[in-house]
Amino acid sequence: MDQEAWELPDGYIVEEAIEPGLVRYPMFVVFDDQGRLFVMESSGQTESTDAILEQPDFSILLLTDTDQDGVFDHKTVYADSIPLPMGGVFVAGSLIVTAAPNLVKFTDTDGDGVADERDILLSGWKLSHNAAILSGPFMGPDGWLYLADARRGFDILSKEFVHFQGKGARIWRCLPNGTQLQTFAGGGFDNAIELAFTPSGEVLGTMTYFTDPKGGYRDALMHWVENGVYPKPHPVIQEDQLVQTGPLMPVMHRMARVSPSGLMRHSGSAWGEEFTGDLFHAEFNTGRVIRTSLNPDGASFQANSQPFFQSKIPDFHPTDVLQEPDGNLLLVNTGGWFIAGCPLSRTAKPDVPGGIYRIRKTEIKGKAQDPWGKAIPWEALSVGQLAKLLEDPRADVAEKAGNFLLKQPLLAIPYLQTLMREHPEEQVRAKAVFLLFQTQNPRAWHQLYVGLEDSSDLVKTATARVLGMAEVITARDQLIQLLDSNPSLPVAKQVATALGQIGDPKATKPLLRALERYPEDRYFEHAAIFALIEMKNEDLLLQELAVSGFNKAVLIALDQKGKELLTEEMIAPYPVSQDSTEANTAVWILNNHPDWSRSFISFFDSFSVENSKEEHLLQEIWPSFIDNEQVQRHLSEKLTSNSEQRKLILSMLASFPPKQVGFSLRSSLRQYLKSKDNQTKEAALQVIIQLGLNDFYQELLDLARADTEKIAIRLMAYQALVVQEATVSTQEFQWITKQLLDSELRTAHSSVLRIVRNLSLDRGRLDWILDRIFPELSSELIPAVLEIFEGAQQAETLDRLEQQLLQRKEVWDNLSIDLVKRVFPTGNQVILDSLERSQELRLQKLESVENSLIRGDVSRGRALFFGKGTCGTCHAVAGEGGDFGPDLTNIGEIRSRHDILEAILYPGSSFAREYETVTMKTASQQFSGIIKRHEAGRYEIALGPGITQLVNEQDVVELSPSGQSLMPAGLENVMDTQELSDLMLYLQSLPDGMYARTVDK
């Protein structure tokens, strides 16, 4: 292969791992116990979810290397007609696969390479064609299957008839036969993807959307812990009633918008000891494989990530990475078919197939013979011989030996106990601990406590893990003794978890003592507080609170037990405390009790508008209290009397408005509409617009018609009037639309468009727009104004509109064909043909512009980004700029030069997944924008930079995607070649160039 197509460290090469043409769109791979390779393969179609369910056409292939030359050369279709298989694990002769809505076991009973049995183990997950769905399963060292899920919702009846129902994302686990289904962790994140495990059983994983894109971050490497609730913040956390131990759990390592996929932990020493324990994960968006070294950091890890592999091939999208027995890596490239969850392109490229490659170290010392143990007569081995093989350096041989031992658990137990006590290698002792747990023998479980006395933290942690999972009550005292001995934080965390699972309240005070010793570690704090919540120890906690006063863990535990044990009086002193721990804890608890209005009022009264550190606390709890009548009365009094907090209250009301506005608050707003201070007046108008209040008609009319008022204020007043279906005269209409021609009022253009969209437009008004506005309209506004004509019936008006569009060729490349078809539903084929021909030539134009770029300058490009190019109005870099469009802090890292230029020239060619444009209609209004939030029965839709609108879900009569990007096109028309080259270089340099200020001398 051409090694110039990749970037790799010295000493590594890429080679084909399969014969060409053997697979077309591979997604995920897994070995069986003989070294054969299962491949989850796509059909290459980007159907809808319903289409996949109605006619599933994904498959699982089984590849074999018949001549043992390192290249898989034979395949069978192991299983077909599957709805989007997202991974699998080979267990006891069967392949267990996630294929939402099901967890399925496939078995080939006659050895012909084709599964003839298909058993559904569990069902009830949600399928989506964008692949943010249930994935795995992954085999943990404890012998349980772990599954990674997305925020799709689930409705599952377990084999024990336990009903699991919810909306949030989860990490699940169950036994290989599908029994004992449990939720392991959960939260508001979009999608957990793949999992890997440390030898002690810590669960690591890849995940997308721990936050909406901000500061260059979106995705993450995770350390999942039992019962952890993880970001991003989302209403499903409250709706699913997830028990929390304080703020959401942290992420282990933040990443950009890279769409991480396959994950593995490197084991063995074939590549050198420096690789042992390192994580490798594939990134769909960047064409990279990332290597991450983990170092202990309290009860978790500090991650150091660096690119290990980088493809230079366009449309190379790695989805999985898998270690071979000799340490080399198999890398799966799925090809160009998938776009449903991909932010890089809106055009599927099924003509670009994928492949499976090997990243090989050119010099490997001591290559193992028979790495799969095929030459070993397994059925003839004694239990002692099998136990001896647990120390075999061939990982797959040692694993297979453990599986054979579990077929004879009673005979294996004495050998495993001896290994646990006496073997010199901690890894083998830990394996023995996990295998003893998997024997499912209570007598063996009750002997496991010996592992708590081991000199190795690895063995202690593994032992505490399985003692908790098995709820071995007889190990309680040994666990408490270990916790009191000041162990390392990883051990303390797992001991605390085990004590909670066992549930004996005798552990309450030892846990509280330990929390005093380890006050700063969030992972241990979570384990200890959750343990306190699980126990029937309410009297002990109340006694502790009475004696000690403030105790963070006790307050949170009492709050989360859900038995109304905590009263408002118990936390009343703390929201206004000068101690940040006391204040933060009290505010977090207060947010769970919207009826505790007195405490909120005390907190608000103590709030200093100069103290920005407190502002996030106010924003956090404001939505919980703003509908409280007592709170509204208090805020109204503040609006009347306290000028220091006036603008703060109005700003908060506009950002987080109440669902119902009381009389006192309405009176205050009416007063502020007459204010001489324009900022106050604008803030009051924004609140009225957001809330859709209809009892300010005369005040709004006076503002709208006052020539002395600022244009922006007049337009806001008209906007509020239109919501009330007020009549706008012809003269007023003409004045409003003329503001679109004023380039100095760009920030007000979205207000004009909102007003006009929501007016009833007769032919005379449409003709006015065609005659007086359209000919002088800037190119960037044409798509938005075109939407105004959707639904126009007059053939003559549409013909004139077509003629206007035919004269504006500069916008053809960026007009949505779907929008034009909606505006001209009965034909006008000339403009449609012209647009289609023009857009077919976009690639040629793109290449021409790309080839014309010259040497640029990062500093000048940055100045253009925040200046003439106006990019910073909508986009942020390193926290500077707007948030209407995607954060671009890491754009140069996750998108190619070609992709960046395409997005500038043709914004509609690619949408970041969370920034698709939608059209939303209510009975009286129409909005075109980007949905920012959907929670508590309300949509927040961004209509332009700094302009949002809240819409009650029950008022929405139509919500549909719009193919028209809100990003203005034609930037290349207002910049010369040098300026465009400077801007491109700046974007390509991010994140490294985000602080550039001067030209490099």
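View A. Let us start with Ile502, which is part of helix α10, residues 489-502. Helices here are DSSP runs of H or I with at least four residues, strands are E runs of at least two, and both are numbered from the N terminus. This is a predicted model, in which local features need pLDDT of at least 70 and side-chain atom pairs count only at pLDDT 80 or more, while totals for chains, interfaces and linings use all residues. Residues are numbered from 1 along each chain as its sequence is written, and side-chain values use heavy atoms, with hydrogens and water left out. With a relative accessible area of 15%, Ile502 is buried; the classes are buried under 20% relative accessible area, exposed over 50%, and partly exposed in between, using a 1.4 Å probe and protein chains only. Leaving aside residues up to four places away in sequence, Ile502 touches Leu467, Glu471, Val472, Ile473 and Leu479, where contact means heavy atoms within 4.5 Å. Val820 sits 318 residues from Ile502 along the chain, and their C-alpha atoms are separated by 65 Å.

View B. Although Glu471 is not a glycine, its phi is positive, at about 50 degrees. Its relative accessibility of 52% makes Glu471 exposed.

**View C. Gln241, with a positive phi.** Here the loop between α2 and β21 (253-255) holds Gln241. Gln241 is not a glycine, yet it has a positive phi of about 55 degrees. Gln241 counts as exposed, at 68% relative accessibility.

**View D. Two cis peptide bonds.** Gly136 is joined to Pro137 by a cis peptide bond with omega near 0 degrees, and Pro137 belongs to strand β11, residues 135-139. Another cis bond runs from Pro231 to Lys232, with omega near 25 degrees. Lys232 is in the loop between β20 (229-230) and α2 (235-239).

View E. How far apart are the end C-alpha atoms of α19? They are 19 Å apart, which agrees with the 18 Å that the 13 residues of this helix (629-641) should span at 1.5 Å a residue; the expected span is 1.5 Å times one less than the number of residues. At the N-terminal end, Asn628 caps α19, with a side-chain oxygen 2.9 Å from the backbone nitrogen of Gln630. The buried residues of α19 are Val631, Gln632, His634, Leu635, Ser636, Lys638 and Leu639.

**View F. Strand β9 between its partners.** In strand β9 (residues 102-107), 5 of the 6 residues are buried. Strand β8 (residues 94-99) pairs with β9 in the antiparallel sense over 6 bridges; strands pair if DSSP finds at least two bridges between them. The bridge partner of Lys105 in β10 is Asp119.

**View G. An open sheet of 4 strands.** Antiparallel pairing gives this open sheet the order β2-β28-β27-β26. Its edge strands, β2 (12-16) and β26 (318-323), each pair on one side only. Between β26 and β27 (residues 329-333) there are 5 antiparallel bridges, and Val332 in β27 is the bridge partner of Asp320.

How values were computed. A polar contact is a pair of N or O atoms within 3.5 Å; within protein, one must be able to donate a hydrogen and the other to accept it, and residues adjacent in sequence count only if both atoms are side-chain atoms.
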